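Colleague: I am new to this structure. Please take a close look at the salt bridges and go through a few of them.

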Amino acid sequence: MQYFLLLFVAASVVSAFFSAIPGSKNTTQPHIVFIVADDLGWNDVGWHNPDVKTPVLDQLAHDGVILNQTYVNYVCTPSRTAFMTGYFPYHVGMQHMAMLPAQPSGVPSHFPFLPEKLKELGYATHVVGKWHLGFCNWNYTPTYRGFDSFYGFYNGQDDYYKHTVQGGLDLRDDKEVVKTKDGEYSTYFFTERIVDIIEKNPLNLPLFLYLPFQNVHEPLQVPKRFEDMYSNIQNENRRIFLGMVSAMDEAIGNVTMAMKRAGLWDNTLLIFTADNGGWPLFSGNNFPLRGGKITLWEGGTRAAAFVHGNMLQKTGYTSNEMIHAVDWFPTILAAAGGTADSGIDGVSQLDTLVSGKPSPRTEFVYNIDDTFPTKQGAIRVGDYKLIEGYAGKPDGWIRPDNLTNGHQNSGDPITGTWLFNLKDDPTEHNNLADTMPDKLREMQAKLQDYRKTMVPAIWPKNDPKSNPKNWDGAWTPGWC
């Protein structure tokens with residue numbers, strides 16, 4: 001199929017992209033900063049919503065390329081699987097919901113991770129923040145999957161001050177448990193570590209920073225000075241949530257300033273994306289898109305995203321080219337001077353990002369899952385989108401000022417069949433399943449073809465051996 005074809009960039013063209021930039025003091029390979037914001041909604045950034053105070057991100061986005069048709073998966077673990085492997089989660093077994101702390105699970109080790117490939121190209125590789133790709137066995141953890149260092153937490157969420165989840169401490173410096181940060185806001189010390197990595201990186205060594213921020217995943221916690229930035233917001237949870245967005249914005253500003261001080265910025269490609277849509281239950285907002293996190297609606301799967309860097313030849317505009325989370329793997333490899341294996345699902349979008357060429361992608365899979373209760377399948381082909389089965393709730397169009405009034409639903413059933421023309425109807429108001437039977441059959445046949453390659457979801461029962469009480473109070477590998 002066309003979109004499975006890997007876009008190979010000619011060596012001469014790549015060489016032109018990597019030519020030394022005036023004023024840069026580092027390697028001709030670009031430094032790459034890959035930022036993932038957790039549970040950030042479409043309407044939770046300043047370039048979509050002027051009420052949100054994200055001056056750093058807004059400037060980077062407007063000086064770079066805003067990505068208007070970038071898609072991710074509907075929840076944490078599947079998206080991170082796509083980022084790190086270049087495969088759709090339903091080809092890896094990671095398509096069913098978000099990994100739970102006590103599950104003996106992880107992304108299978110025979111799938112190479114992005115940093116492993118980058119190390120082959122000479123990169124230093126570091127991750128600071130949230131992992132959520134497995135930790136029951138050391139082989140699932142970051143420093144066994146290509147990262148030179150890891151500072152962060154294994155699970156899907158943590159208390160921002162206590163750094164615990166479900167009764168266990170979850171904070172690591174490489175393999176060591178960190179017990180000295182109780183009471184400190186995690187975004188602060190994560191940023192300090194990122195800055196330290198930047199300052200210590202040799203000038204001739206290309207740097208890959210994977211920064212999966214804890215913000216803005218619940219629990220809703222932020223230093224008061226950020227909450228006070230939104231004193232006009234009556235809803236307390238929304239006020240705290242937006243404070244968390246602004247705290248992340250400040251942190252990213254500190255990272256970019258550190259890159260500039262170190263002489264790395266002029267030769268840096270920065271990628272910013274959400275991992276899924278905002279979660280209305282915890283005050284994330286995706287208006288005017290439909291639904292949110294844990295749904296297959298556009299509000300759950302269309303990401304606030306942009307790219308920035310001097311290697312971009314065309315900037316200051318909004319791109320409507322189709323990009324999926326699986327594409328970041330081969331795109332980053334291409335930017336680094338390498339190529340991905342031809343069998344992966346992702347395609348390199350480097351030409352699209354650098355010079356504004358049409359995307360090589362014309363279709364993608366939102367998700368395919370046969371595991372109860374989220375039996376579902378959804379695809380996009382051209383302008384058309386098909387959902388069959390469980391689409392997810394809430395499925396309405398929730399305005400920020402209505403977050404105090406519950407979570408609006410459309411009145412549609414929990415499961416069903418929906419067909420949309422996203423070009424004409426990006427907010428998914430008009431189900432065409434009954435009025436376009438030929439197109440429906442065509443899309444259903446395409447979805448059925450995709451189903452044939454599905455790997456059963458890895459979703460084991462919780463294992464009591466995982467209990468932090470067995471591991472000196474910390475969530476610790478070694479029990480699977």
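Modeller: A salt bridge here is a side-chain nitrogen of Lys or Arg within 4 Å of a carboxyl oxygen of Asp or Glu. The model is predicted, so local features need pLDDT of at least 70 and side-chain atom pairs count only at pLDDT 80 or more, while totals for chains, interfaces and linings use all residues. Residues are numbered from 1 along each chain as its sequence is written, and side-chain values use heavy atoms, with hydrogens and water left out.

By this rule there are 27 salt bridges. One of them joins Asp 438 to Arg 441, with the closest N and O atoms 2.4 Å apart. Both residues belong to helix H11 (residues 437–451) and are three residues apart, about one turn of the helix. Helices (H or I, at least four residues) and strands (E, at least two) are DSSP runs, numbered from the N terminus. Asp 438 is exposed, at 55% relative accessible area; buried means under 20%, exposed over 50%, and partly exposed in between (1.4 Å probe, protein chains only).

Another salt bridge pairs Lys 452 with Asp 449, at 3.5 Å between the closest N and O atoms. Lys 452 is exposed, with 63% relative accessible area, and Asp 449 is partly exposed, with 37%.

Arg 193 and Asp 173 also form a salt bridge, at 2.9 Å from N to O. This pair links distant parts of the chain, 20 residues apart: Arg 193 is in helix H5 (residues 186–200) and Asp 173 in strand S8 (residues 172–173). Arg 193 is partly exposed at 22%, as is Asp 173 at 26%.

Finally, a network of salt bridges links Asp 38, Arg 80, Lys 130 and Asp 275.
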